[in-house]
Every structure is written in C-alpha cells, then in structure tokens.
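Here is a colleague's note on a model for you to read with the structure open. Please take the points in order and check each one on screen.

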Amino acid sequence: MKLDEIMQIMSYLLIAIGIMAFIVSVITQVIKSWPGLDKLPTSAVVVVVSLILCPSAFAAVMSWQRHPITWYMMFACMIAAFVVALVAMSGWERLREIWERTAYKDKKQL
C-alpha cells in the first residue's frame, strides 16, 4: 500500500471519528435532558451510546457498500467506539495527549 493511500484512509478515519463523536455528543445531550435520566453519569451514557451507534453505523455502511461483515471488523468497530466515546467526552486534546505519551520518542530528545 502506498503512503498516499494510507494517508487518505487515515483522513477518512479521522473524519468518521469526528462525525461519530459529534453525533454521540448530540444524542447524549438529548438523552440527558429526559426526566429521570439526568442522574446517570454522562460518561457512562456516552460509552453506551457510542457502543450502540458505531456498530450500527458500520453495519449500515457495509450493507450499503455490499461488503461482508466479519467478526474482526466488528471487534475493531467496538474498539473504535471507545475512541469515539473518548473524543466525545474529552475532545481531541485528550486523545492527542494519550498518543504523545505512548508514541515513540527519539533517544536524542531525552
């Protein structure tokens, strides 16, 4: 796979994460405004909404594209749902902070 193809796929992935995080945030705000549900922790609601919405959207896109869905795709989608929930709760800065902590650092910089 060429570098430009990888960059295009990564761009699409970041766009999808941003759109899904926005949708999860909007749905969470609507759910939290319902009477009786305002006592639920917001982070738990975000995770549940993300775990429901992401696989549903993935299955819809795969069905629309007429591609088969395999178990490892759904597993990856569930992991991506936690990333979407993290972005919806804390924003991109928190995700960038986690990436910088775990990313490879050159020994010269230390």
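The points below go through the helices, the core and a few single residues of this predicted model.

1. Start with α1. This helix has 30 residues. From its first C-alpha to its last it reaches 43 Å, close to the 44 Å expected at 1.5 Å a residue. Several of its residues are buried: Ile17, Met20, Ala21, Val24, Thr28, Ile31 and Lys32. Note that the list includes Thr28 and Lys32 as well as Ile17 and Val24. In general, an α-helix has 3.6 residues a turn, so residues three or four places apart point the same way. Keep that in mind when you look at the buried positions.

2. Valine 26 and alanine 76 are 50 residues apart in sequence. In space, their C-alpha atoms are 24 Å apart.

3. Now take α2. The buried residues of α2 are Val45, Val46, Val49, Ser50, Cys54, Pro55 and Met62. What covers them includes α1 and α3.

4. Next, the largest nonpolar core. It has 15 residues. Ala21, Val24, Val46, Val49, Cys54, Val84 and Ala88 touch the most other members. Which helices supply at least two residues each? They are α1 (3-32), α2 (42-64) and α3 (71-90). The most comes from α3, with six residues.

5. Look closely at valine 24, which is one of those core residues. Set aside its neighbours within four places in sequence. Valine 24 is then in contact with Val46, Val49, Ser50, Leu53, Val84 and Ala88. Colour these residues and view them together.

6. Serine 50 belongs to helix α2. Is serine 50 buried or exposed? Its relative accessible area is 0%, so serine 50 is buried, the limit being under 20%. A polar atom of its side chain lies 2.5 Å from the backbone oxygen of alanine 81. Leaving out neighbours within four places in sequence, serine 50 is in contact with Val24, Pro55, Ala81, Val84 and Ala85.

7. Move on to arginine 66. This residue comes just after α2, in the loop between α2 and α3. At 77% relative accessibility, over the 50% limit, arginine 66 counts as exposed.

8. Finish with the aromatic rings. How many aromatic pairs are counted? The count comes to one. The pair is tryptophan 71 with tyrosine 72, and their ring centres are 5.8 Å apart. The ring planes stand at 85°, so the pair is edge-to-face. Tryptophan 71 has 67% relative accessibility and therefore counts as exposed.

Terms used: Residues numbered from 1 in each chain as written. Predicted model: local features only at pLDDT ≥ 70, side-chain atom pairs only at ≥ 80, totals over all residues. Heavy atoms only, no water. Core = buried A, V, L, I, M, F, W, Y, C linked by side-chain atoms within 4.5 Å. Buried < 20%, exposed > 50% of the residue type's maximum accessible area, 1.4 Å probe, protein only. Helix = DSSP H or I, 4+ residues; strand = E, 2+ residues; numbered from the N terminus. Contact = heavy atoms within 4.5 Å. Polar contact = N/O pair within 3.5 Å; in protein donor to acceptor, adjacent residues only side chain to side chain. Phe/Tyr/Trp six-rings, centres within 6.5 Å; stacked < 30°, edge-to-face > 60°. Expected span 1.5 Å × (residues − 1).
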